[in-house]
Amino acid sequence: MPFPLDVPESVLRNRRSQKWQAYPGDVLPLFVAETDVVLAPAIQERLTAAVADGDTGYFTEIERFAGVCARFYSRFGYEVPEETVVPVNDVGVGVRETLARTLPAGAGVVYTPPVYMPFGPWIRRVGMSPVAVPLIDHDDDNPRLDLAGIERALADGARAVLLSHPHNPTGVLHSDAELAELADLAAQYDAVVVSDEIWAPLAMPGVDFRSFLAVSETAREVGLAISSASKAFNLAGLKCAFVVNGNPGKFAVPRSALSGAVGHFGALAGEAAMVDSLDWLDEMRAALASNLDLMERLLTEHLPRARWRRPDAGFVAWIDLRAYPGLGDDPAALFLDEGRVALSPGPAFGAQGKGFVRLNFACSEEILTEAFVRMGRVAAAH
Ligand SMILES: Cc1ncc(COP(=O)(O)O)c(C=O)c1O
């Protein structure tokens with residue numbers, strides 16, 4: 001079984017986070033993007049020491065943590081200046097604050113469904129208006145940005161593009177050429193690119209992730225990126241993320257307004273992750289790749305008509321079940337009711353997701369295998 005996803009189900013069932021509490025005990029949860037890992041040893045040690053010391057007060061080491069983030073993020077294509085990093089308490093806050101602080105009220109914000117389901121609500125929550133420009137061929141081997149569609153939306157008045165890069169749920173990395181062209185379009189139409197890069201640390205072995213901000217000088221002029229150690233190291237509940245501001249002279253996203261709300265444990269764990277757990281991160285990426293190999297076999301055996309594209313990054317797979325019409329537009333509903341497997345429903349990611357499910361494969365081989373056996377039974381019955 002691939003380390004570090006080697007946690008028995010009996011131990012996981014003690015967890016009180018969303019993944020293991022949302023459903024009854026007979027359901028295998030492969031939905032929300034938490035991972036079934038043992039925490040990296042350096043993170044365990046740091047948090048254990050903090051608890052022993054009663055070190056549970058407010059976060060204050062903003063500059064120190066910004067330096068940690070800048071050094072870590074510099075692995076993704078350019079030397080990130082420390083002073084451009086703004087710690088924030090989660091990626092959602094980073095995205096919303098960035099939109100709210102860089103755009104005029106009511107501005108149109110392009111997003112690219114099928115995509116992480118809170119994007120539309122986040123855009124609305126800050127008083128902006130979502131403009132959907134779907135990915136081209138999200139269901140094929142080469143999903144990509146509809147740059148002509150994005151240009152039309154910008155020409156019609158949209159003022160920003162909210163990217164998911166690497167893209168959730170397809171796991172695709174937008175190419176440097178696409179991103180450079182997007183940056184040029186944003187410059188031409190005086191628009192902002194906000195790149196949600198929460199999955200950046202989890203590119204598959206042999207795959208290089210590059211930040212949107214790394215693709216050109218123009219990209220830095222028009223863009224901000226937001227990332228976190230939270231997906232890669234399973235720290236989402238500790239509340240810690242960061243914005244990288246490509247153009248602080250233009251975009252006012254101040255630490256004084258945003259960094260005070262960072263979780264102290266999030267920053268302690270984040271530093272232990274991004275400084276002392278890089279070997280562990282490589283093991284995690286290898287474990288995820290190994291699970292993808294297993295999934296390839298499981299799909300062939302249990303859902304032979306399903307289609308999917310191996311993700312370039314992350315731990316979710318976007319699975320096309322339209323060749324099983326009996327499963328309907330929302331196969332996740334039947335898999336839950338009849339198979340006792342919880343997945344993320346495809347339609348939640350946009351109308352493009354009808355007949356799809358998103359499956360979180362950051363679990364043990366036993367759980368993954370059992371989930372496919374159950375899904376195969378449901379598919380066979382319809
Ligand atoms: C693309 C994307 N952005 C943001 C988030 C949520 O991040 P946070 O919990 O830091 O707000 C997720 C969680 O899965 C995600 O996939």
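## The ligand and its contacts

An oxygen atom of the ligand is found 2.8 Å from an N or O atom in the side chain of Asn-168. That is a polar contact, meaning a pair of N or O atoms within 3.5 Å; within protein, one must be able to donate a hydrogen and the other to accept it, and residues adjacent in sequence count only if both atoms are side-chain atoms. In the side chain of Lys-231, an N or O atom is 3.0 Å from an oxygen atom of the ligand. Gly-92 takes part through its backbone, where a polar atom is 2.9 Å from an oxygen atom of the ligand. On its own the ligand has 400 Å² of accessible area, and the protein covers 90% of that (areas come from the Shrake-Rupley method with a 1.4 Å probe; for residues, only the protein chains shown count as cover).

Which residues are around the ligand? Among them are Asp-90, Tyr-116, Trp-122, Asp-196 and Trp-199, where being near a molecule or strand means having a heavy atom within 4 Å of it.

## About the model

This is a predicted model: local features need pLDDT of at least 70, side-chain atom pairs count only at pLDDT 80 or more, and totals for chains, interfaces and linings use all residues. Residues are numbered from 1 along each chain as its sequence is written, and side-chain values use heavy atoms, leaving out hydrogens and water.

## Rings that pair up

Let's turn to the aromatic rings. The structure holds 13 aromatic pairs (rings of Phe, Tyr and Trp, the last by its six-membered ring, with centres within 6.5 Å; planes under 30 degrees apart are stacked, over 60 edge-to-face and the rest tilted). Tyr-73 and Phe-76 are edge-to-face because their planes stand at 75 degrees, with ring centres 5.0 Å apart. Tyr-116 and Phe-119 also form an edge-to-face pair, with 5.9 Å between centres and 90 degrees between planes.

Is Phe-119 buried or exposed? Phe-119 is buried, at 1% relative accessibility, whereas Tyr-116 is partly exposed at 28% (buried is under 20% relative accessible area, exposed over 50%, partly exposed in between, with a 1.4 Å probe and protein chains only).
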